[in-house]
Protein chains: 2
Amino acid sequence: MRFSKSFFPTIKEIPSDAVIPSHQLMIRSGMIKPLGAGIYSFLPLGYRVFQKIMNIIREEMNSIGGQEFHLPGLNPIELWQETGRVESFGDIMFHVKNRQLILAPTHEEVITSIAKSHIRSYKELPQIWYQIQTKFRNEPRPKSGVIRSRQFIMKDSYSLDTSFETLNTSYNLHSEAYKKIYDRSGLKYFIIGASSGAMGGSGSQEFMIESNAGEDTIVVCDKCNYASNLEIATSNKQKIKFENISSKTEKVFTPNVKTIDQLAQFLKVPVEQCAKSVVYITDKNPILILMQGNDQVNEAKLLTLLGTEFRVSTDEELVEIFGAETGSLGPVGVSKNVKVICDNQLRDAKNVITGANLNDFHLMHVDLLRDSRIDAYADIRVVEENEPCISCGNSLRLIKGIEVGHIFKLGTKYSVALKANYLDESGNENPIVMGSYGIGIERIAACYIEQNYDENGIIWNKALTPYDLHLIAVNMKSEKVIESSNKIYEELSKRYSVIFDDRSQVTAGVKFKDADLLGIPIQIIVGERNLDNNSVEIKLRRSGERKIIKLEALQTEIEKLNE
Amino acid sequence: MRFSKSFFPTIKEIPSDAVIPSHQLMIRSGMIKPLGAGIYSFLPLGYRVFQKIMNIIREEMNSIGGQEFHLPGLNPIELWQETGRVESFGDIMFHVKNRQLILAPTHEEVITSIAKSHIRSYKELPQIWYQIQTKFRNEPRPKSGVIRSRQFIMKDSYSLDTSFETLNTSYNLHSEAYKKIYDRSGLKYFIIGASSGAMGGSGSQEFMIESNAGEDTIVVCDKCNYASNLEIATSNKQKIKFENISSKTEKVFTPNVKTIDQLAQFLKVPVEQCAKSVVYITDKNPILILMQGNDQVNEAKLLTLLGTEFRVSTDEELVEIFGAETGSLGPVGVSKNVKVICDNQLRDAKNVITGANLNDFHLMHVDLLRDSRIDAYADIRVVEENEPCISCGNSLRLIKGIEVGHIFKLGTKYSVALKANYLDESGNENPIVMGSYGIGIERIAACYIEQNYDENGIIWNKALTPYDLHLIAVNMKSEKVIESSNKIYEELSKRYSVIFDDRSQVTAGVKFKDADLLGIPIQIIVGERNLDNNSVEIKLRRSGERKIIKLEALQTEIEKLNE
C-alpha cells in the first residue's frame with residue numbers, strides 16, 4: 001500500500017483517556033478509533049492484524065476437527081429464559097427495546113438448541129462447533145481499550161460429547177490448540193485454574209498473560225510454571241516456631257496499642273509472634289479467624305471453606321460478643337457460640353501473643369493447643385511475593401494478568417435445561433455432555449502489544465504484523481529516490497505485503513517516527529546517499545540493528561530475514 | 001470432511017414456512033437454520049459458501065483500492081440524531097433498551113465521523129473504505145429466508161472524494177467491481193436505475209436478478225439490455241389513430257355500462273378507442289386522468305409528475321364534481337377547477353369515446369383537441385409485457401427481481417450534516433463528496449440458488465460450491481469399497497476439498513439423494529461392481545452426465561473437470 005493513498009491516521013499525542021500502552025499505541029498507530037464508551041471502529045491497519053489472528057485460530061480449530069458456524073447476535077429472549085441466564089447475566093446483557101430480543105453475550109443457548117434439533121444418536125458425536133463472531137456485553141466500566149469493550153470479536157467453540165470421559169478429550173484438544181494459537185501469535189502466557197463464573201461448569205482453565213494492565217493478580221513460579229490466581233494460590237512458606245518459655249499465659253497492659261505493628265514494637269517481639277484476630281459474621285455464627293501477625297486473610301479461600309456468605313463485624317458486635325474492641329481480641333476463653341478458625345501457619349503454635357478480650361490488654365505465652373479451642377485449621381492466608389513455590393520451592397512472583405482465553409467443562413447444564421439429548425448404544429436418552437471455549441481476538445493483539453513495545457511504538461512479529469515490510473522513500477524531491485523506491489516497491493510487492501511511505505508532504509523524520517510507531521518488523525530506507533553506492537538501508541524494528549545492503553542483494557537479504 | 005464426523009443436517013421434508021426454492025433448499029441442505037423470525041444460524045455448509053462469496057468480494061474491493069475496516073454494530077444514538085436518521089429509519093432501526101445505543105442498519109454516520117476526525121486535505125483523497133460486517137434491520141415482514149432477514153452480512157463501502165467528477169470515478173469503479181463479483185459468482189443479473197430511498201442521494205443503480213421470489217417488477221429487454229423498475233419504465237408502444245368521421249360529438253345511451261370492456265362490447269368498438277377517465281384528489285385540485293381504455297395509471301409516475309401526494313376520489317366527490325358516477329366520466333365540459341392530464345398515448349386523439357358526465361351516457365366521436373381542455377400530456381401509463389423496447393424496439397419482458405446490490409452517489413448529505421470537510425488546493429474548506437455501495441452476502445448465495453436448482457436440490461458452480469468434490473462410498477459393508485474409497489479420499493484431499501460420505505447407517509439411496517440435495521458439482525461414486533473393473537463412477541450434478549473412470553485415470557479426469 002502506498003502510504004499516500006492509504007488511511008493510516010497516526011497520532012503523535014498520547015490520547016488522554018488511554019492509560020495502558022496497548023490502548024495508547026493501538027490508537028496512535030491508527031489500528032482502532034473509539035466511537036463510544038467501550039466501542040471501537042477497527043481501522044485498516046488494526047483489522048489486518050485481527051484478521052491474521054482469526055486465521056491462526058481458524059487453522060488451529062480446523063486442525064482439531066472444528067466446524068465453523070456463524071450464529072446470530074440477535075437472540076429471542078425466550079431461549080435465554082429457558083436456561084435462566086437472563087437473570088444471571090443481568091445488566092451485562094443488552095436488551096433490544098420493545099422487541100423480545102437480546103444481544104448474545106455468548107452462544108451456549110443457540111448451540112444447544114441446534115444440537116437439540118439435529119443430534120439424535122451417539123453415532124453423531126463427538127462434535128466440535130466453533131465460530132468467530134461479534135459478542136455484545138454491557139461492561140459497566142469498559143476500559144483498557146479493546147481489552148475490555150462492549151462489543152468484541154470472539155472465537156467461541158462448543159464440544160458435544162456422550163460422556164465426561166470423551167469431554168476430557170475435547171477439552172484437552174482445545175487446551176493444546178490454544179497453546180498453539182498463543183505460541184504462533186508470539187504471546188508469553190501461562191495457564192491457571194479458574195472459577196467458571198456465570199458459565200457454570202465442572203472444570204476450567206484460564207490462559208493469562210502477564211501485564212500491569214491486568215485486573216487479576218496471579219502467583220507464578222518461573223521455575224516449574226506453577227501459576228494460580230491469587231484468590232486460590234498457596235505457597236510452601238515455613239512455619240516459624242517460638243518455644244514455650246512459660247507454663248501459663250501472662251496478661252500484659254498494652255495501652256493505646258491498636259495494630260499488630262504497634263504491639264510488636266511495644267513488646268519488642270517479632271511481628272510473626274503476634275497472632276492477629278479477625279472477626280466475621282455469618283448467618284449462623286460469629287467467626288474468629290486467627291492469623292500470623294504479618295499475614296492477610298484471603299476472603300476467597302474463606303468463602304470456599306465456609307460455603308456461605310459473610311461480612312466484617314461491626315464495633316458494636318465485637319464489644320457485645322468479646323467484651324473488647326478491635327486490637328484486643330483473641331481466642332482464649334471465647335464463648336462456644338464463636339467459631340474459631342486458625343490459619344495453618346499457626347497450627348500448634350506456642351508462645352504467641354494474642355488479645356486478652358479486655359481493652360488495652362494482651363496475653364503473652366499463649367499455647368494455642370493448651371489455652372484455646374480451635375474449631376478448624378485451614379489455609380486461609382494470602383500468598384506474598386517471594387514465598388517458596390508449593391511444588392518446587394522456587395521464589396514466587398506476584399504479577400498482574402490479563403485473561404486471553406478460557407476453557408470450560410460445562411457438563412450437562414445447558415443440555416438438561418434445553419433437553420438436548422442423544423440416544424446411547426442401548427437406546428436410552430442421555431443429555432449431551434458439553435464444553436465451552438473462548439478466545440478474544442482483539443485481546444490477543446492488545447496483549448501482544450503489552451509484551452512487545454518500546455518508547456517509539458509497537459514491535460510486531462512476523463505472525464501478526466499487518467504488513468511484512470515498511471519501505472521508506474526518504475526524500476520525494478529526489479528523482480533518483482522516487483525512481484528507485486518505486487522500483488523496489490513493485491519488486492517486493494510481488495512476494496510481500498509492503499507499506500510504501502511515498503508521502504511528499506512530510507519530512508523524513510516524520511516517516512521514521514511513523515515507521516517505528518507502526519512497528520513493521522523490517523524497514524527499508526531509500527535515501528540519496530546510499531543510492532549513490534547502489535545501496536539501501538535496512539533497519540530491524542526490534543533490535544534497532546541497521547545494515548547497508550547493495551540493491552542487487554536486497555531480495556536475498558529480505559528472504560533471509562523472513563525465514 | 002467425513003460425513004460421519006460432520007454436521008450436515010439434511011432434511012427430506014420441505015419446511016412448511018419456506019415458500020421460495022432457495023429458502024427451502026438452504027434449510028433442507030443444512031446451510032442455515034432459523035432461530036427466530038428473520039434470524040438465521042449459519043451452519044458449516046452454508047458458512048463455507050458465504051465465506052467464498054466474501055472472499056470474491058474482498059478481492060474485487062481490494063483491486064479497486066478498497067481498504068478494509070470493521071465498524072461496530074453498536075452506535076451511540078447521538079451520531080444518528082445529528083443526521084436525522086433516527087426518524088427516517090423509524091421502526092426499522094433496533095434500539096437498545098435503557099442505553100443511548102442503536103444497532104447500525106448501515107454505516108454512513110460512522111464512516112463520516114471517522115473522515116471528519118482524520119481527513120484534512122485534498123491530498124488525502126480519494127479514499128474507498130469498506131467492510132464486510134453484520135447489519136441489523138427490523139424488517140417488519142421478514143421473509144424468503146436470508147433474502148430478507150433482520151440481521152445479515154453486508155459488504156458496505158464508502159467513497160470519499162473532492163468533487164462530483166471524481167465521485168463518478170469511484171462510482172464507476174464500484175459498478176465495474178460489482179459486475180465482476182456477480183460474474184465470478186455465476187449470477188445472471190441486470191442493472192437498473194433506482195430511487196435511493198432512505199439513503200438520500202443524487203444517483204444510484206440497482207443490481208437485480210430475475211426471480212419469481214422477487215418483490216420488484218422489472219421491465220427488461222433481452223436484446224439491448226434495457227432494464228427498468230416498472231415504476232419508471234417506458235416503452236415505444238405506438239399510438240393507434242381513429243380517423244374522425246364526424247364533425248361533432250354524439251351522446252349515446254349506454255345503460256348499465258360500467259367498465260371499459262362493457263362499453264367496447266356495447267358499442268362494438270375496440271377497447272383502445274375508449275378513453276378511460278380516472279379521478280384523483282390532491283390538496284389543491286381534483287385531477288382527471290385520461291388513459292387509453294386498455295392502459296393502467298402508473299401512480300409512481302404520476303407522483304413524480306405532480307410532486308404532491310394524492311388519493312383516489314370517493315363516489316360522493318365524483319357526483320359533486322362531475323354530476324355523474326364512475327363509468328360515465330369524461331373530459332368534455334369539466335369545470336376549470338378540475339385539472340385534466342392526458343396520457344401521451346391519447347395525444348391529439350380523434351374519434352374516441354368518453355363518458356358524458358351524465359349517468360348511463362357516453363360521448364362518441366370526441367376529438368380531444370376540439371372538444372376538451374387538456375392541461376398536460378405525460379407518460380403516466382404502466383408498461384405491459386411484449387411492448388416494444390424504448391431503445392431498440394425488441395419485445396419487452398416483465399419479470400420479478402431481487403436486488404443483490406445497490407450503489408449510490410450520496411453527494412454531501414452526510415459530510416454537511418456531520419461537518420466532514422477537507423481543505424482544497426486554495427486552502428478553502430469543502431464538504432467531502434461521498435458515495436455508498438452495498439452488497440448482501442447471503443442474498444448472493446440465495447439468488448444463485450434461485451437460478452441454479454432442480455427438483456433434487458442445489459446445483460453449485462465451482463466458484464461458490466462449499467466443497468469441490470462429493471465422494472460416495474456406496475456400501476460401507478464391503479471391505480473393498482471401504483478400502484478404495486478411503487484411499488481415494490486421502491489422495492483427492494491433498495488437492496481438493498472433499499465431502500466423503502462414509503456413513504454406515506444409511507442406504508446408498510439416501511447418500512445419492514443427499515449428494516444431489518447438497519449440489520456439489522462433481523460426485524464420485526465408489527461401488528463394488530465398478531471396483532471389480534478397477535473403476536469408479538463420476539456424476540456431474542448439473543447435467544446428470546455419468547461416466548465410468550478407471551482408478552488410475554481418476555486424478556487426471558478430476559483435474560480436467562476442474563479446469
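Strand E27 (residues 469-473) and strand E29 (residues 522-526) of chain B run parallel and are joined by five bridges. This pairing is described, like everything below, from a predicted model. Within the pair, B:Leu469 stands opposite B:Ile522 of E29(B). A helix also belongs in this picture: helix H13 (residues 479-493) of chain B packs on the sheet and touches E27, E28 and E29 of chain B. The direction of H13(B) makes about 165° with that of E27(B).

The sheet as a whole is open and has five strands, in the order E28-E27-E29-E30-E31 of chain B, with mixed pairing. Its edges are strand E28 (498-501) and strand E31 (546-550) of chain B, each of which pairs on one side only. From one strand to the next, the twist averages 25°.

A further set of strands can be followed in chain A. Here strand E19 (residues 361-366) pairs with strand E13 (residues 250-253) of chain A in the antiparallel sense, over four bridges. Strand E18 (residues 352-355) of chain A is likewise antiparallel to E19(A), and three bridges join the two.

Two helix pairs are worth a look, one in each chain. In chain B, the axes of helix H2 (residues 44-63) and helix H6 (residues 164-185) come within 9 Å and cross at roughly 150°. The crossing of H2(B) and H6(B) is right-handed. On the H2(B) side, the contact is made by B:Ile53, B:Ile56, B:Ile57, B:Glu60 and B:Met61. H6(B) answers with B:Ala177, B:Lys180, B:Ile181, B:Arg184 and B:Ser185. By class, the residues of this contact between H2(B) and H6(B) are six nonpolar, one polar and three charged.

In chain A, helix H1 (residues 21-28) and helix H12 (residues 441-451) pack with their axes 8 Å apart, at an angle of about 105°. H1(A) and H12(A) are therefore roughly perpendicular to each other. From H1(A), the residues A:Pro21, A:Ser22, A:Leu25 and A:Met26 meet A:Ala446, A:Ile449 and A:Glu450 of H12(A). The contact of H1(A) with H12(A) comprises five nonpolar residues, one polar and one charged.

The two chains also meet each other. Their contact takes 41 residues from chain A and 41 residues from chain B. On the side of chain A that touches chain B, several elements each supply at least two residues, among them strand E1 (32-36), strand E2 (39-42), helix H2 (44-63), helix H5 (108-118) and strand E7 (127-136) of chain A. The residues on this side of chain A divide into 20 nonpolar, 14 polar and seven charged.

How are the chains arranged? The same surface serves both copies, as 100% of the contact residues of chain A recur in chain B.

Conventions:
Residues are numbered from 1 along each chain as its sequence is written. Chains are lettered from A and ligands numbered from 1 in the order in which they are written. This is a predicted model: local features need pLDDT of at least 70, side-chain atom pairs count only at pLDDT 80 or more; totals for chains, interfaces and linings use all residues. Two strands pair if DSSP finds at least two bridges between them. Axes are lines fitted to C-alpha atoms, for helices over the stretch in contact, and angles run from 0 to 180 degrees between N-to-C directions. Two residues are in contact if their C-beta atoms, placed from the backbone, lie within 7 Å. A crossing is left-handed if the near helix is turned anticlockwise from the far one by less than a right angle, and right-handed if clockwise. Ala, Val, Leu, Ile, Met, Phe, Trp, Tyr, Cys and Pro count as nonpolar, Asp, Glu, Lys and Arg as charged, and the others, Gly among them, as polar. Angles under 35 degrees count as roughly parallel, over 145 as roughly antiparallel, 65 to 115 as roughly perpendicular and the rest as oblique.
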